[in-house]
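I opened my notebook to look up a few things in this fold. Here is what I went to see.

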Amino acid sequence: MALERLAAAPTDFDFVLGDWNVRHRRLKDRLVGSSEWIDFTGQMSTQAVLGGYGNVEDNLLNLPEGPYRAIAIRSFNPQTMSWSIWWLDGRMPGQLDVPVVGNFFDGVGTFYADDTLRGKPIKVRFLWFAVTPDALRWEQAFSADNGDTWETNWIMEFSRI
């Protein structure tokens, strides 16, 4: 049952609501100069929560070594006018990733976080694009030099079911 949306709720992420087929392209190794991409499929279903001030995205990722489930949790902070996005991977159910935080400008959502990779500090960037009402794109990039350069390491292209 979907609960009532609050009148003042933001609409930034409404474009992701619904059910989607996903084409994934992910670098085999990150921040090591790899150019080998792994392609796989998946599905995603997103519904609004928190009266429209958030949403939950349920994912099935069909990696070559076997499928797994994950969720993204998003919430909007009306004081800062920013969104936070957390990732919970079903293979590590006790570990919630550091949230990326950001907002939308000219139709593109840009979100950043400070994290670590192999024990070293990195910056993480997510980009969200509503290509058409029935096509979306998401990109993840890492930076080992405090954001001076970025390596895009995961691209998801969504088509509405």
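**Ground rules.** I am working on a predicted model, where local features need pLDDT of at least 70, side-chain atom pairs count only at pLDDT 80 or more, and totals for chains, interfaces and linings use all residues. Residues are numbered from 1 along each chain as its sequence is written, and side-chain values use heavy atoms, with hydrogens and water left out.

**Barrel.** I looked up the strands (DSSP runs of E, at least two residues, numbered from the N terminus) and how they pair (DSSP must find at least two bridges between two strands). I found a closed barrel of 10 strands with antiparallel pairing, in the order β1-β2-β3-β4-β5-β6-β7-β8-β9-β10. From one strand to the next the twist averages 25°, taken between N-to-C directions of lines fitted to C-alpha atoms, on a scale from 0 to 180 degrees.

Which strand does β1 (residues 18-27) meet through seven bridges? It is β10 (residues 151-160), running antiparallel to β1. I noted W20 opposite R160 of β10. On another pairing of β10, strand β9 (residues 135-143) joins it antiparallel over eight bridges, and there L136 stands opposite F158.

**β6 and β7.** Strand β6 (residues 100-105) pairs with β7 (residues 108-117) through five bridges, again antiparallel. I looked up F104 and found G109 of β7 as its bridge partner.

**H24.** I went back to strand β1 for H24. Is H24 buried or exposed? H24 counts as buried because its relative accessibility is 1%, and the cut-off for buried is under 20% relative accessible area with a 1.4 Å probe, protein chains only. Its side chain makes a polar contact of 3.1 Å with that of W154; such a contact is a pair of N or O atoms within 3.5 Å, one able to donate a hydrogen and the other to accept it, and residues adjacent in sequence count only if both atoms are side-chain atoms.

**S82.** This residue sits in strand β5 (residues 82-89). S82 has a relative accessible area of 11%, so I filed it as buried. The side chains of S82 and T80 are joined by a polar contact of 2.6 Å.

**Cavity.** I found one cavity of 30 Å³ or more. On a 1 Å grid over the protein atoms alone, a cavity is a set of points where a 1.4 Å probe fits but cannot get out, and lining residues have an atom within 4 Å of a point. The lining includes R5, D14 and W83.

Key:
On a 1 Å grid over the protein atoms alone, a cavity is a set of points where a 1.4 Å probe fits but cannot get out, and a pocket is an open set with protein on both sides within 12 Å along at least five of seven lines; lining residues have an atom within 4 Å of a point. Grid points are joined across faces, edges and corners, and a volume is the space filled by probe spheres set on the points. Helices (H or I, at least four residues) and strands (E, at least two) are DSSP runs, numbered from the N terminus. Buried means under 20% relative accessible area, exposed over 50%, partly exposed in between (1.4 Å probe, protein chains only).
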